[in-house]
Structure formats: structure tokens, C-alpha cells
Amino acid sequence: MSNRPPQQMNIIISMYLGYAAMMICRQMVTILSPALLVDETLGLSKTNLGDFAAYGTLGALVGKLIWGPFADKFGGRFTFLIGILLTALFIIAFGLSANVMVFTGFSFLLYCTKSSGWPGMTKLIGQWYHPQGYGRVWSILATSSRLSVVLATLFFGWLLSFMHWRMVAFIAAAFALVIFVGCYFYLQENPEEPDFFKVDESNANITSDITLSTDTESDTHTEHDTVKLESSWAEKLALENRYNHPLKDTGTIAGLVNFAKSPRVWLVVIMLMVLTCMMAFLDFVAIYLMESYQLTPSQAAMASTVFPVGSLVGLLAAIAFYDRFSKQGIRTVLTISLMLSLLSVLTLQYLPLFNLSAQLNYLVALVAIFLFAFSISPAYYLPMSIFSIEYGGRHSATLVCLIDAFGFAASAAFAFIGGRLADSAGGWSSFMNMLILISAVGIIAVRAFMQAEYSAAKQGKINKAASR
């Protein structure tokens, strides 16, 4: 008898906690930023903090180019464990830093190492979970990123109210090292059973054949029959793609050439570049709230959790719908969601024109930031991650990292420009104008990629039917 469910549970818990540990270490740069800014012994400016985020993002970009091929060659488990260990060590080094250059260097290395998390999980998910469950699994794991940021920001923001920022950094590193030890013992590379998904494959074939037979024998079907037929087709095609992937016998160079020639790859790259810039607003939220609403550094750090909370709620909603919707349905939902994100940024920009009280202004701003994060997180985390496993095959980690690398390049530019805009005469108003433009482009980018995915799925179904 297969013990697949307990094994899969161990794997997902290990990945969940391990990625949370990496995210907490990475997020410490942002959590500590208000305290760094008011530490007179450091003499830092908002431009310096924007540079930390920018160089850190460049580190993430370099990391993606390293860790993707590394995970494809050495496996997800080893990549993932190395990432947890090194992020813990680098946040200790960040806490020991004393000048701008050293801060910037360790921020670069920290973000670079944290980049190992997503490619490591990409390989593990491809080994351990059914293709039709990728959306649900990725949604759950992505909540690790958001929930850890929420809890870490609240907890470490609270610690900052009575503890020096260096000690707070060391406590975060200690937590990550404890998680590393647990993951070392519970995380496995791949299932020992060679027929791990044999039952699923058989059931998919039987269900599909029965449904198709019914389809040919009757001209009248209920809407339920149509949905069942679509689901059967999708499962059958997903399993066939898993076991007979077009790139399964190709080398790295051939895989890269294939990616470079694919319009769908370029569309997902453009989409993620825009969405990564939008997600990078998180790096500025604490300082934006502190300066716009006269908060203390500790209050600003804790108030900024509204962004990761919104992102977390968006991902929890995605767990319920993503694997249940067709490509066409997902396209519609994500397009509407990105329109909501644009509306949220417009609210932040033009809120002073409504002449509300200071307290009400603050509450509306928090709601707008929550909705912004809520609306972009499913589009940011899920389509690209699922696409990388399905399209990348044996090169899935390399593909997910290449896409992410373009995203981080765009985010680095956003951080460089954003910090300077916030320090300019226009201040946060200039910053928000840039975010409004990016959010408008985001609607177009997400719609275009999801349309391409819908067209590809429709074409695959036609081709499969023709080959029967």
C-alpha cells in the first residue's frame, strides 16, 4: 500500500517551514530599515536604503542564474538546504555590519542565496505532486512567503521597540538554523516508489475514455458533463506531458534555445517583470507609512504587515479556485484582480484630495495597500511557477530562475528609481505616479500571457483529439 499522503505531507511541511526561514532572513533588511534610518551612528538616508534593496535585488538576479542550473543538476533537496543555511549565516553577517558598503555587500549575498528557494521547490514539486495539483501546492507554499513576512514583521517589529536592531537580526538567524536542522532530516529528494502516480494515470485514462465514449454516443449533454469532459482532458494531457515531455531528452543548451524561441516564455517574462516591480512596493511600505503618517519605526514596521497580510489572503483565495478554473476562467479572474490593484494605487495617490481626517486617511491607506497586495499575489506567484514546471520539464528550475531573473532586474531598477523619487522634491507623490503607470501595464501583461496559455491549452486538446 502506498504511503504517498504522509510522504507528501512531510515534504510540503518541510518546504513550507524552510522557505519561511529564508523569507524571514531576506525580509529582515526591510524590517530593520526604519531602525537603521534612525540609528545616528550609521548616518543612512532613504537613498541608501533604496540602494540596499536595489543591490539586494541584483543579488537575487545573480542568484537565479546560479541556482536554477544548480537545482537541475544536483536536485531540489540539496539546493534548498544550502539556501536555508547560507541565508542564516548572511543575516548574522548583516547584523555585524557597520558601514554602507558592508551592509550593501551582505544584502547582495543574502538576496542571492535566498534565490535558491524557488528553484529547489520547483524540482521537489515536480517530483512529488500530481500535475493537476500544482496550483494548489504552489498556492499553499506561496502563503509561506506571505505568512512568514507577516509574523516576522509583527514579532521582530515588536522586538525593535525594546531591543537593538543587531540583536533582532541574530535572533532571526537562530530561528532559520533550527529550521535547517529539521528540514535536513525530513526533506527527501524524490519518491522511492517508481509508480508513484501510476494509479492517477490509470484513473485518468479510464475516466477520459468513458467520458469521450459518452460524448460520441449522445448529442445532448448537461453543463456538468461538459465540465467533466474538460477536466478529464486536462488531467490526461497533464500526465502525458509529465511522462513524455518534449524536452525530456534535451541538454541545457537545447532547453535554453527552446525557451528563447517561445513567445509564451517571453510573455511570462514581461508579465513577471511588471508584477515584480509591483511587489517591490513592499520594500518601501514601512518608510512610506512612517513619513506620511508620522509613525515611529516600530509602529511603521508593524503597520507595514498590511501588505503581506493582503498577499496572504489573496493566496488563500487562490487555493480555493486556481485548480478548479479553466485557463479561460483564470484569465478573467486575474485581469479583474489587476484592475483592482490599479484602483488601489490611485486611491493612495489621490487620497489627500478627499480632505478626510488624519486617522481616516491612515485607515483608508492601509485598506488600499491591503487590496493592492491581495490583488497581485495570485498573478505573481502562480501562473509563472506552474508554467515553469509544465513547460520546462527537466529544465524547470532553470526556466523558473530565468524568468525570475528578468523580474528581479526590473525590480532592481524600480528600487533604484523609487528611492530617489521618494527623496526628490516630489516625494511620495512622484513615487506613486510611477507605481500607477506600472500597475496599468500590469493589466495588459497578465491578460496577454493568460490568453496565450488558454490558446495553447485549446490547441493541445485539438491535437490530442486528432491523434486518437
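1. Which element gives the most to the lining of the second largest pocket? In this predicted model, the answer is helix H6, which contributes 7 residues to that lining. Helix H6 covers residues 134-160, and together with helix H1 (4-38) it makes up the elements that give two or more residues to the lining.

2. The second largest pocket holds about 210 Å³ of space. Among the residues that line this pocket are Tyr16, Leu17, Ala20 and Ile24, as well as Ser144, Leu147, Ser148, Leu151, Ala152, Phe155 and Phe156, and Phe175 is also part of the lining. Sorted by class, the lining comprises 10 nonpolar residues and 2 polar ones, with no charged residues.

3. For H6 and helix H14 (residues 306-321), the angle is about 165 degrees and the axes lie 8 Å apart. Because angles over 145 degrees count as roughly antiparallel, H6 is roughly antiparallel to H14, and the crossing in which H6 passes H14 is left-handed.

4. On the H6 side, the residues that meet H14 include Arg136, Ser139, Ile140, Thr143, Arg146, Leu147 and Val150, while on the H14 side they include Phe307, Pro308, Leu312, Leu315, Leu316 and Ile319. By class, this contact of H6 with H14 has 13 nonpolar, 3 polar and 2 charged residues.

Methods
Residues numbered from 1 in each chain as written. Predicted model: local features only at pLDDT ≥ 70, side-chain atom pairs only at ≥ 80, totals over all residues. Heavy atoms only, no water. 1 Å grid on protein atoms, 1.4 Å probe; cavity = no way out; pocket = protein on both sides within 12 Å on 5 of 7 lines; lining within 4 Å. Points joined across faces, edges and corners; volume = space filled by probe spheres on them. Helix = DSSP H or I, 4+ residues; strand = E, 2+ residues; numbered from the N terminus. Nonpolar A, V, L, I, M, F, W, Y, C, P; charged D, E, K, R; others polar. Axes fitted to C-alpha atoms, helices over the stretch in contact; angles between N-to-C directions. Parallel < 35°, antiparallel > 145°, perpendicular 65-115°, else oblique. Left-handed = near helix turned anticlockwise from the far one by under 90°. Contact = heavy atoms within 4.5 Å.
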